[in-house]
Amino acid sequence: MSKEIKIRNIDWIEKIYEIVRKIPKGKVTSYGAIADAIGARTTARMVGWAMNASHTAKPKVPAHRVVNRNGLLTGRHHFASPTLMQELLEAEKIEINDNQIINFEKNYWKP
DNA sequence: TCACTGACCGTGG
DNA sequence: ACCACGGCCAGTG
């Protein structure tokens with residue numbers, strides 16, 4: 001029992017930031033995809049929590065490119081402005097309708 | 001100190 | 001087809 005190296009640190013959070021920063025411009029991904037890319041240790045919920053602290057990460061991660069599985073801008077309310085997320089995505093040629101990304105699968109990028 | 005919540009997702013009834 | 005619940009980690013009241 002003991003040889004197992006238990007990572008109780010918040011290392012996985014740093015990993016999340018790295019992946020999110022790797023998202024190419026004009027593409028989006030989902031919380032679950034990031035969680036799966038890191039490992040089963042982290043769940044989608046933790047990714048959202050990490051994003052909440054992402055504003056302290058350096059450099060700041062493009063959290064606006066991360067949406068939920070439905071392609072819905074669930075975290076838009078956590079940005080500086082509730083519409084900032086949509087504005088940023090539209091600036092990257094991503095069409096959004098009713099807070100939902102159009103052609104989400106087409107713009108979906110998996111780590 | 002204990003309990004609940006949180007930018008979610010998948011499966012079961 | 002719809003509703004309900006569990007899981008994972010850390011932070012806050």
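Where is Asp-98 placed? Asp-98 sits in the loop between E3 and E4. This is a predicted model: local features need pLDDT of at least 70, side-chain atom pairs count only at pLDDT 80 or more, and totals for chains, interfaces and linings use all residues. Residues are numbered from 1 along each chain as its sequence is written, chains are lettered from A and ligands numbered from 1 in the order in which they are written, and side-chain values use heavy atoms, without hydrogens and water.

**The loop between E3 and E4 holds Asp-98 and Asn-99.** Strands are DSSP runs of E with at least two residues, helices are runs of H or I with at least four, and both are numbered from the N terminus. E3 covers 96–97 and E4 covers 100–101. Phi of Asp-98 is near 55°, a positive value in a residue other than glycine. Most residues other than glycine have a negative phi. Asp-98 is exposed, at 63% relative accessibility. (Exposed means over 50% relative accessible area, buried under 20%, partly exposed in between, with a 1.4 Å probe and protein chains only.) The side chain of Asn-99 makes a polar contact with the side chain of Arg-76, at 3.2 Å. (A polar contact is a pair of N or O atoms within 3.5 Å; within protein, one must be able to donate a hydrogen and the other to accept it, and residues adjacent in sequence count only if both atoms are side-chain atoms.) Beyond four places in sequence, Asn-99 touches Gly-71, Leu-72, Leu-73, Arg-76 and Gln-86. Contact means heavy atoms within 4.5 Å.

The peptide bond from Lys-58 to Pro-59 is cis, with omega near -5°. Most peptide bonds are trans. Lys-93 is exposed, with a relative accessible area of 72%.

**Helix H3 has three named buried residues: Val-47, Ala-50 and Met-51.** Seen down the axis of H3, these fall within an arc of 100°, so they line one face of the helix. (The arc is taken over the directions from the helix axis to the C-beta atoms.) They pack against helix H1 (11–22), helix H2 (31–38) and strand E2 (66–67).

**The largest nonpolar core has 27 residues.** Such a core is a set of buried Ala, Val, Leu, Ile, Met, Phe, Trp, Tyr and Cys residues joined through side-chain atoms within 4.5 Å. Val-20, Met-51, Leu-89 and Ile-101 touch the most other members. H1, H2, H3, E2 and helix H4 (84–91) each supply at least two residues. H1 gives the largest share, five residues. Apart from neighbours within four places in sequence, Leu-89 contacts Val-28, His-64, Arg-65, Leu-73, Ile-94, Ile-96 and Ile-101.

**DNA strand B is surrounded by 15 residues.** A residue is near the strand if one of its heavy atoms lies within 4 Å. The closest are Tyr-31, Arg-45, Met-51, Arg-69 and His-78. Sugar and phosphate make up 48% of the DNA strand B atoms that come within 4 Å of the protein. A polar side-chain atom of Tyr-31 is 3.2 Å from a base nitrogen. A polar backbone atom of Met-51 lies 2.6 Å from a base nitrogen. A polar backbone atom of Arg-69 lies 2.4 Å from a phosphate oxygen. H3 gives the most to this surface, with six residues.
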